[in-house]
Structures are given as structure tokens and as C-alpha cells.
Amino acid sequence: MSVQDTADERLLRAVVDLLAQKAVATPAEIAERIAITDAASPAQGARMVARAWVDPEYRALLLADGTRAAEAMGIPMRGAPPLGVLENTPELHHLVVCTLCSCYPRAVLGYPPFWYKSAGYRARAVRDPRGVLADFGTVLPEDVRVRVVDSTADFRWMVLPLRPAGTEDWDEARLASIVREGDMIGVTLVSP
Amino acid sequence: MTDTARAGYRRRMSDDTRTTLPEDRPRAMHDLGGVSRFLCEPVDPSPHTLTAFDREVDGLRQVLGMKGVMSVDELRRGIEALAEDEYHRLSYYQRWLRSITATLLRKGVFTEDELRTAIQEAGA
Amino acid sequence: MMLTPGQRVRVRDDWPETRGPCHIRTPHYVRGRHGVVVRYLGDFANPEDLAFARPAALLPLYHVRFDPHAIWREPHAGDEVLIELFGHWLEEET
């Protein structure tokens, strides 16, 4: 641990102690939020994607109102920003970025990955999206349009990726098992 | 920039025939979309685990938000107020902790003296 | 003023950063640029006030589409950039 980290660790202890002394926030309340946040993961978004692939009614709900669609899967959305869902098609691919900070659909995908918060990703995604995709080993056909979604305000955006060919007879649970974090941000494509 | 200079600047730059880049305008340092300095920075897709420190700062921010002590926009404003070199040197959650601390001090939730004492005690 | 899908707009060419402390959710790269409203997303409290713990009015938020080639003039840009922007940053165009 560096000197810098030690100082920050002490600063955090001091702030948490002071807030407890002043009855503003208790360590137990903080621990509860950590536990709730740790429980959110890309597996939740993956379940929504798989359901949308097999259930046209759910797909329509997901695209019309992501928040209600998440709640319908038992995902707690109270207090979370509204969720919007972007539908990839064979002609159109979505890539989500937050150029100003790190807005991310945490309620359905968990903590944002490290790279999502990096200056390189934030700078390049809007200006050179295919170059960013290449860093993930993702190559789109030339004729697919790339729509970059800069998440700047109150919504949080998740991508509904394309269902890969060869999965026609798969059940929902098996489909959910192949959907990864990056597929729902748009940096990768689902592969069986 | 003076008002006259700003008006002239705006006139010169106000249509899409300009040949300069958006970043040549007086952008804020955190406003990174398309900024050339980072265009050659590769994106490293490898997974990265959060530390206990990271998760605690995250949880703390959530509690402060839910209790109406500080909003996420106040958090962002505090991060945006960091010096540019500090912004890029600090880790993500170090930035958050700097902003949270500055905001709580400014709002009088605790004082500089109280914080100094608490830091000493935390190091003991 | 409510904007409807398809409405052409210009983002205000304003730089509050030059006037002192502020918190702006309109990225620099679309200021003064032309876009098209895709849809209305709802009314949300103005972050420019929330950031300073001031009373914040509810403002309409829109998804607005831009052509990245017109912004960076580079062949490898994507085909569209879609951004959430508050109504007070948008000027109607014919």
C-alpha cells in the first residue's frame, strides 16, 4: 500500500467516524449499501436479455420501460435512475459511454468495470467507436451502423444485444449464461 | 476571456464549417469526449476487482445521497473542481472521497478542526 | 416549449466554464452543433442547480442525435451520437 493509499484510508476512517459521531450515517448503514451493491451483477441484466430473446411480450416491455422490465424480474429499482434499453439489430449497433463521468446502469449490471471509467474509453468511444471495439476484439461488418450513446443525464442505458445464431433451441437459463457485461454495454457481441 | 473576446470567439466558431476541433473550445477538464490527448490510450478490458476502500466509499456516497446530505451532482461538482493533474493521478474512488470530504466541510456537516482530530485518531 | 421527435435543434453555444464554478451535463463537443430530437425522456431536476444544493426546477430532457462526422470530420467516426440534453440547452431550428 502506498503512502497515498494509507492517507486515504485514514481520511475515510475519519470521515466515517465523524458521520457516526454526528448521527449522520452509521457504519451499519454503509455496510448495508455495500451488500446491496455487491449483490447487483451482470447476471441480472443477462436474465433480462435472455427473457427478451424468448418472450416477445417481455421484449416489448423491456424496450418501452426498462425499469418496469427489471422489476418484473425481481430486480430492486427503487431509488435507481430510470433504465433505458437500446435494441441492437443486424443493421444497428449501440455502444454506451459516459464522457463526463461514469454513469452506468448499476441496478442491473453492478459496479461499472474499470475500463468504463478510464479516460481512454471516455475520450475515444464517441470519436473512434470502431477503434474501441477493436480493443475488445470486436469487429462489426462495415455496413452495420454504429450509434454511440453518451450517457449524460438522468437515464441509465443498457444494450439489448443480438441473439447469436445457433442458439435457436436453447432455453432461457442457458441463453442467460452466455450474456456478458460487455455485451450489454456494446463493446462485445454475444457468442455461444 | 473578456465579453468582447468571447463574443468574437463565438462568432468565429459558431457554425459547422469550422476546421478546429471541439476540444479547442474552453472545455472543462473532465469533459473528455473526443479529446485528442487520450486517443492513443488503449482500453484495457481485463477485469479489475474493487478494494474494500473502493466499496466503502461507494456505500458511503449512497447513504449520503439517500439521506439527502449530498446529491450525486454535488459529488460530480466536487470531482470536477479537482486540479487536472490530480484528477488523472487519483484513483476513481480517491476522487470520490476528496469530493465527499470537501462537500461535507463546505456544508458544515463537520469542521476542519474536527476532521484533523479524527484523522489523527484514525491513525493512532 | 416542448420539442417533438424530428425537430431540428442547435445546442446553445454557451461556455459557463469560462464564467466561474458550474456543473454542466452538456458535453463540450455538441455546443453550437446541430442535432435532431429523437424523443422526450421526461422531466428531471436541473443538475446545474442540484450540484450547488439550490432549489432545482424540473426541466424536459430529450434524446438528441448528432452526426459525429460533422463534429470531428474524420472518416472513422461512428454513424450517430445520441445524447441526453436538457431543453434549456436547445434552440429550435427550421
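This is a predicted model: local features need pLDDT of at least 70, side-chain atom pairs count only at pLDDT 80 or more; totals for chains, interfaces and linings use all residues.
Visitor: How is chain A built, and what pattern does chain A follow along the sequence?

Guide: The secondary structure of chain A comprises nine helices and four strands. Along its principal axes, the C-alpha trace of this chain spans about 55 × 35 × 30 Å. Read along the sequence, the elements of chain A follow the pattern α-α-α-α-α-β-β-α-α-α-β-β-α.

Visitor: E172(A) and R51(A) form a salt bridge; how many residues apart are they?

Guide: The closest N and O atoms of E172(A) and R51(A) are 2.7 Å apart, and the cut-off for a salt bridge is 4 Å. E172(A) lies in helix α9 (residues 172-176) of chain A, while R51(A) lies in helix α3 (residues 42-54) of chain A.

Visitor: How many salt bridges does a search of the whole structure find?

Guide: The search covers all chains. One of the pairs that meet the rule is E172(A) with R51(A). Over all chains, the count of salt bridges is 29.

Visitor: What is the area buried between chain B and chain A?

Guide: The size of an interface is often given as the accessible area lost when the parts come together. Here the contact takes 54 residues from chain B and 43 residues from chain A. Carbon and sulfur atoms give 63% of the buried area, which is about 4500 Å².

Visitor: Which residues of chain B lose the most area to chain A?

Guide: The area buried between chain B and chain A is about 4500 Å². On the side of chain B, three residues together account for 14% of what that side buries. These residues are V43(B), E56(B) and Y92(B).

Visitor: Which element gives the most residues to the side of chain B that touches chain A?

Guide: Across this interface the rule finds 23 residue pairs in polar contact. The elements of chain B that give two or more residues to the side touching chain A are α2, α4 (84-89), α5 and α6 (112-123). With eleven residues, the element that gives the most is α2(B).

Visitor: How many salt bridges are counted between chain B and chain A?

Guide: In one of the pairs, the side chains of E114(B) and K22(A) meet at 2.9 Å, N to O. This pair qualifies because the cut-off for a salt bridge is 4 Å. Between chain B and chain A, the count is seven.

Visitor: At what angle do helices α2 and α5 of chain B pack?

Guide: Two packed helices are described by the angle between their axes and the distance between the axes. Helix α2 (residues 52-66) and helix α5 (residues 92-106) of chain B have axes 9 Å apart, and α2(B) passes α5(B) in a left-handed crossing. Their packing angle is about 35 degrees.

Visitor: How many nonpolar residues belong to the contact of α2(B) with α5(B)?

Guide: The residues of α2(B) in this contact include F53(B), V57(B), L60(B) and L64(B). Those of α5(B) include W96(B), L97(B), I100(B) and L104(B). Beside one polar and three charged residues, the number of nonpolar residues is nine.

Visitor: What is the area buried between chain C and chain B?

Guide: In this interface, 25 residues of chain C are in contact with 26 residues of chain B. Carbon and sulfur atoms give 48% of the buried area. That area is about 2300 Å².

Visitor: Which element gives the most residues to the side of chain C that touches chain B?

Guide: The rule finds six residue pairs in polar contact across this interface. Two elements of chain C give two or more residues to the side touching chain B, namely α1 (47-50) and α2 (68-72). With three residues, the element that gives the most is α2(C).

Note on methods. Residues are numbered from 1 along each chain as its sequence is written. Chains are lettered from A and ligands numbered from 1 in the order in which they are written. Side-chain values use heavy atoms; hydrogens and water are left out. Contact means heavy atoms within 4.5 Å. Buried area is the accessible area (1.4 Å probe) that two parts lose on being put together, summed over both. A polar contact is a pair of N or O atoms within 3.5 Å; within protein, one must be able to donate a hydrogen and the other to accept it, and residues adjacent in sequence count only if both atoms are side-chain atoms. Axes are lines fitted to C-alpha atoms, for helices over the stretch in contact, and angles run from 0 to 180 degrees between N-to-C directions. A crossing is left-handed if the near helix is turned anticlockwise from the far one by less than a right angle, and right-handed if clockwise. Ala, Val, Leu, Ile, Met, Phe, Trp, Tyr, Cys and Pro count as nonpolar, Asp, Glu, Lys and Arg as charged, and the others, Gly among them, as polar.
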